[in-house]
Amino acid sequence: MNVKQSLQTRALHLLARREYSRLELEKKLAGHAETPEALSEVLDTLEHRGWLSAERLVEQVVHGRRHKYGAQRIRHELKEKGIADHLIDTAMSELKATELQTAREIWRKKFGVMPENLKERSKQARFLAARGFSAATIRQILACSDEEG
């Protein structure tokens with residue numbers, strides 16, 4: 001088995017477990033490649049055959065995270081994975097439409113009652129911010145009464 005086949009086999013074993021971005025796969029396989037060109041050629045082949053797909057990775061990340069995190073956190077994760085901005089922007093437009101509802105559900109599960117003082121309000125706001133929700137979304141949730149939504 002030549003090095004190129006070995007590299008492709010390693011990549012396919014990784015991709016069989018979960019989706020990877022090109023950048024992630026490149027980092028994982030870099031130590032096994034004789035040259036950067038050989039690695040690039042293998043990754044190009046995987047993309048051409050549809051085994052390595054940024055679109056599928058975006059779909060998987062968004063689907064897996066949308067019920068736990070806000071758009072900002074998901075955007076950051078996709079950027080870290082080296083996903084192209086236009087794919088991220090497309091995913092974010094879909095997420096923004098449901099972000100308020102998602103944030104409200106997460107808030108309701110964690111707290112369920114409106115904050116009674118500034119300390120509690122700050123705690124709830126920090127929690128939602130850490131989950132990647134925008135300041136505007138957080139304000140909307142903490143300004144609403146529990147009867148709404």
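Reader: How many cavities of 30 Å³ or more does a search of the whole structure find?

Author: The model is a predicted one, and a search of the whole of it finds 2 cavities of 30 Å³ or more. The second largest cavity has a volume of about 40 Å³.

Reader: What makes the second largest cavity a cavity, and which residues line it?

Author: The word is used for a set of points where a 1.4 Å probe fits but cannot get out. The lining of the second largest cavity is made up of Arg66, Tyr69, Gly70, Ala71, Leu95, Thr98, Glu99, Thr102 and Phe133; these divide into 4 nonpolar, 3 polar and 2 charged residues, and the largest share, 4 residues, comes from H6.

Reader: Why is serine 21 called buried?

Author: Buried means under 20% relative accessible area, and serine 21 has a relative accessible area of 1%, so the word applies to this residue. Serine 21 lies in the loop between helix H1 (3-17) and helix H2 (22-29), and, leaving aside its neighbours within four places in sequence, serine 21 is in contact with Leu52, Leu57, Lys81 and Ile83.

Reader: How do you know that the buried residues of H5 line one face of the helix?

Author: In helix H5, which covers residues 71-80, the buried residues are Ala71, Ile74, Glu77 and Leu78. Seen down the axis of H5, these buried residues fall within an arc of 125°, and therefore they line one face of the helix. An α-helix has 3.6 residues a turn, so residues three or four places apart point the same way. The face of H5 turned away from the buried side carries His76 and Glu80, which are exposed.

Reader: What covers the buried residues of H5?

Author: The cover includes helix H4 (54-65) and helix H6 (85-110). For isoleucine 74, leaving aside its neighbours within four places in sequence, the contacts are Val61, Val62, Arg65, Arg66, Tyr69, Met92 and Leu95.

Reader: What makes a set of residues a nonpolar core, and which residues have the most contacts inside the largest one?

Author: A nonpolar core is a set of buried residues of nonpolar kinds, such as Val, Leu, Ile and Met, joined through side-chain atoms within 4.5 Å. The largest such core has 14 residues, and those with the most contacts inside it are Val58, Val62, Ile74, Leu78, Ile83, Met92 and Leu95. H4, H5 and H6 each supply at least two residues of this core, and H6 gives the most, with 5 residues. Apart from this core lies another, of 13 residues, among them Leu7, Leu14, Leu43 and Leu52.

Terms used: Residues numbered from 1 in each chain as written. Predicted model: local features only at pLDDT ≥ 70, side-chain atom pairs only at ≥ 80, totals over all residues. Heavy atoms only, no water. Buried < 20%, exposed > 50% of the residue type's maximum accessible area, 1.4 Å probe, protein only. Arc of directions from axis to C-beta. Contact = heavy atoms within 4.5 Å. 1 Å grid on protein atoms, 1.4 Å probe; cavity = no way out; pocket = protein on both sides within 12 Å on 5 of 7 lines; lining within 4 Å. Points joined across faces, edges and corners; volume = space filled by probe spheres on them. Nonpolar A, V, L, I, M, F, W, Y, C, P; charged D, E, K, R; others polar.
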